[in-house]
Amino acid sequence: AACGRPLITRMSHYAGKLGARFMTHGQTCIDIDKIGIDGTVHILRDMTNERHLELCQNTYNRFKSLVNFDDDELRIREFLKRLI
């Protein structure tokens, strides 16, 4: 997600896992479970460059909305200070 590339995946593999937050079929990924192999092939064959760029941007934007390494670093520093 950080590199802005949508996944072609089975979302069932991510059920209950952190990675599921990054994926929405048709926006940030292509869910094979939802549309099957034939549907996935159809989407990929018909995908325009503009649509691919849109999916890439959506994926990157989702990552940026959910992950902030600067905030994480500050929280880790505070946690470590409390340990000392």
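The scale I used calls a residue buried under 20% relative accessible area, exposed over 50%, and partly exposed in between, with a 1.4 Å probe and protein chains only. This is a predicted model, where local features need pLDDT of at least 70, side-chain atom pairs count only at pLDDT 80 or more, and totals for chains, interfaces and linings use all residues. Residues are numbered from 1 along each chain as its sequence is written, and side-chain values use heavy atoms, without hydrogens and water.

I then checked for a partner. Glu73 forms a salt bridge with Arg77, and the closest N and O atoms are 2.1 Å apart. A salt bridge here is a side-chain nitrogen of Lys or Arg within 4 Å of a carboxyl oxygen of Asp or Glu. Both residues lie in helix H3, 4 residues apart, about one turn of the helix. Helices (H or I, at least four residues) and strands (E, at least two) are DSSP runs, numbered from the N terminus.

Another joins Glu78 to Lys81 at 3.6 Å between the closest N and O atoms. Lys81 is exposed, because its relative accessible area is 56%.

I turned to helix H2 (residues 49-66), where Arg62 lies. Is Arg62 buried or exposed? Arg62 is buried, because its relative accessible area is 19%. Arg62 has no salt bridge, and the nearest side chain of opposite charge, Glu54, is 11 Å away. For charge, Lys and Arg count as positive and Asp and Glu as negative; His and the chain ends are not counted. What I did find was the backbone oxygen of Arg21, 3.4 Å from a polar atom of the Arg62 side chain.

**Asp31, also without a bridge.** I located Asp31 in strand E2 (residues 29-31). Asp31 is buried and has no salt bridge; Lys34, the nearest side chain of opposite charge, is 5.3 Å away. Leaving aside neighbours within four places in sequence, Asp31 is in contact (heavy atoms within 4.5 Å) with Thr9, Arg10, Met11 and His25.

Methods: A polar contact is a pair of N or O atoms within 3.5 Å; within protein, one must be able to donate a hydrogen and the other to accept it, and residues adjacent in sequence count only if both atoms are side-chain atoms.
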